[in-house]
Amino acid sequence: MKMPPCMVWLPADHRLLGDHGHQMPFLLLGDKYARAVKVGVEAQPVMFPLADVGDIPELLSMVDGVMLTGSPSNVHPSHFDEEVADPSLPLDPVRDTLTLALIKACVHEGVPLLGICRGFQEINVALGGTLHQRVHEVPGRTDHREPKTAPFEEQYAPRHPIHLAPGSVFETWAGGPQVMVNSLHGQGINRLADGLEPMAQAPDGQIEAVAVRGARTFAYAVQFHPEWRCWENPFYSAIFAAFGHACRQRRSLRLQAADLARHRPG
């Protein structure tokens with residue numbers, strides 16, 4: 001019998017789209033994230049577009065991993081006790097409500113978890129950390145934002161090195177203590193959550209990768225964008241391959257538990 005595919009939950013973005021003064025709500029997922037799951041993780045990306053916090057336990061029991069994507073929107077600063085610094089930047093409070101609870105559930109239940117860009121920031125906030133809303137205005141920090149008018153190939157091109165924690169899985173995935181990554185973010189970690197361990201830093205000291213302390217399975221997040229053509233970059237490919245391995249392990253455990261439940265007397 002053919003093994004069912006691994007399924008990775010990617011939460012939706014909530015956005016108003018339209019023209020001529022008329023906008024309607026849309027539930028969106030970037031193709032590059034879904035494609036990275038399909039190709040890099042070798043799993044089926046799935047969405048539960050109208051999921052709310054109360055649905056998390058049931059939906060987590062159906063999937064083998066969770067990947068928190070990047071997004072044009074920012075985590076609402078009220079979640080780390082700050083006012084909005086730039087009202088022109090998009091927010092997504094509906095996504096915040098779901099993902100901040102989903103992160104805690106993944107850690108508690110041992111569900112493989114990968115956060116990218118906004119997802120990286122969500123994990124820090126969910127576990128009690130704070131964010132710089134404008135990294136480029138922080139003394140000693142460089143501008144980590146992409147050149148927005150440039151072609152995507154330039155926006156997602158390697159921009160700066162990151163220094164990897166000695167002996168970490170990131171050093172193993174990169175094949176050395178330093179690797180070049182892309183950089184497309186205006187916000188970043190300010191106070192690191194107590195439940196996180198830094199795994200990589202940019203030359204200016206900005207944290208670029210983290211691990212969840214004491215996690216029972218894969219639980220990592222990155223500020224850069226490994227989903228961009230991950231199959232062309234050995235470091236990015238290694239991240240997704242490791243995530244896929246953890247998801248397949250969870251699938252095996254899920255199927256074993258389901259089989260035991262079917263054959264339990266009574």
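Me: How many cavities of 30 Å³ or more does a search of the whole structure find?

Reply: This is a predicted model. A search of the whole structure turns up two cavities of 30 Å³ or more. The largest cavity has a volume of about 80 Å³.

Me: What makes a space a cavity, and which residues line the largest cavity?

Reply: A 1.4 Å probe fits in a cavity but cannot get out. The lining of the largest cavity includes N74, V75, P77, V84 and A85. D86, L89, L91, Q133, R134 and Q187 also line the largest cavity.

Me: Why use a probe at all?

Reply: Rolling a probe the size of a water molecule over the atoms shows where empty space is left.

Me: How much space lies in the largest pocket, and which residues are closest to its centre?

Reply: The largest pocket holds about 810 Å³ of space. It is lined by 34 residues, and S71, P72, E146, K148 and L184 are the closest to its centre. The elements that give two or more residues to this lining are β2, α1 (31–41), α4 and α5.

Me: Why is the pair K148 and E146 called a salt bridge?

Reply: The closest N and O atoms of K148 and E146 are 2.8 Å apart. The cut-off is 4 Å, so the pair counts as a salt bridge.

Me: Is K148 buried or exposed, and what about E146?

Reply: K148 has a relative accessible area of 61%. Exposed means over 50%, so K148 is exposed. E146 has 16% relative accessibility. Buried means under 20%, so E146 is buried.

Me: What makes E153 and R229 a salt bridge?

Reply: Their side chains meet at 3.3 Å, N to O. E153 lies in helix α5 (residues 152–155) and R229 in the loop between β13 (219–222) and α7 (234–263), so the pair ties together parts 76 residues apart in sequence.

Me: Why are E153 and R229 called partly exposed?

Reply: E153 has 45% relative accessibility, and R229 has 31%.

Me: What do E122 and R95 tie together?

Reply: E122 and R95 form a salt bridge at 2.8 Å, N to O. E122 lies in helix α4 (residues 118–126) and R95 in helix α3 (residues 93–109), so the pair ties together parts 27 residues apart in sequence. Both E122 and R95 are buried. They also belong to a network of salt bridges with D13, R15, D96 and R118. The count of salt bridges comes to twelve.

Me: Which elements do the buried residues of α3 pack against?

Reply: They pack against β1 (7–9), β2 (13–17), α2 (56–60), β5 (65–68), β6 (113–116) and α4. Among these buried residues are L98, L102 and I103.

Me: Which residues have the most contacts inside the largest nonpolar core?

Reply: V8, M67, F170 and F235 do, in a core of 35 residues. The largest share of this core, seven residues, comes from α7. Another core, of 32 residues, lies apart from it, with L98, I103, F120 and A126 among its members.

Key
Residues numbered from 1 in each chain as written. Predicted model: local features only at pLDDT ≥ 70, side-chain atom pairs only at ≥ 80, totals over all residues. Heavy atoms only, no water. Helix = DSSP H or I, 4+ residues; strand = E, 2+ residues; numbered from the N terminus. Buried < 20%, exposed > 50% of the residue type's maximum accessible area, 1.4 Å probe, protein only. Core = buried A, V, L, I, M, F, W, Y, C linked by side-chain atoms within 4.5 Å. Contact = heavy atoms within 4.5 Å. 1 Å grid on protein atoms, 1.4 Å probe; cavity = no way out; pocket = protein on both sides within 12 Å on 5 of 7 lines; lining within 4 Å. Points joined across faces, edges and corners; volume = space filled by probe spheres on them.
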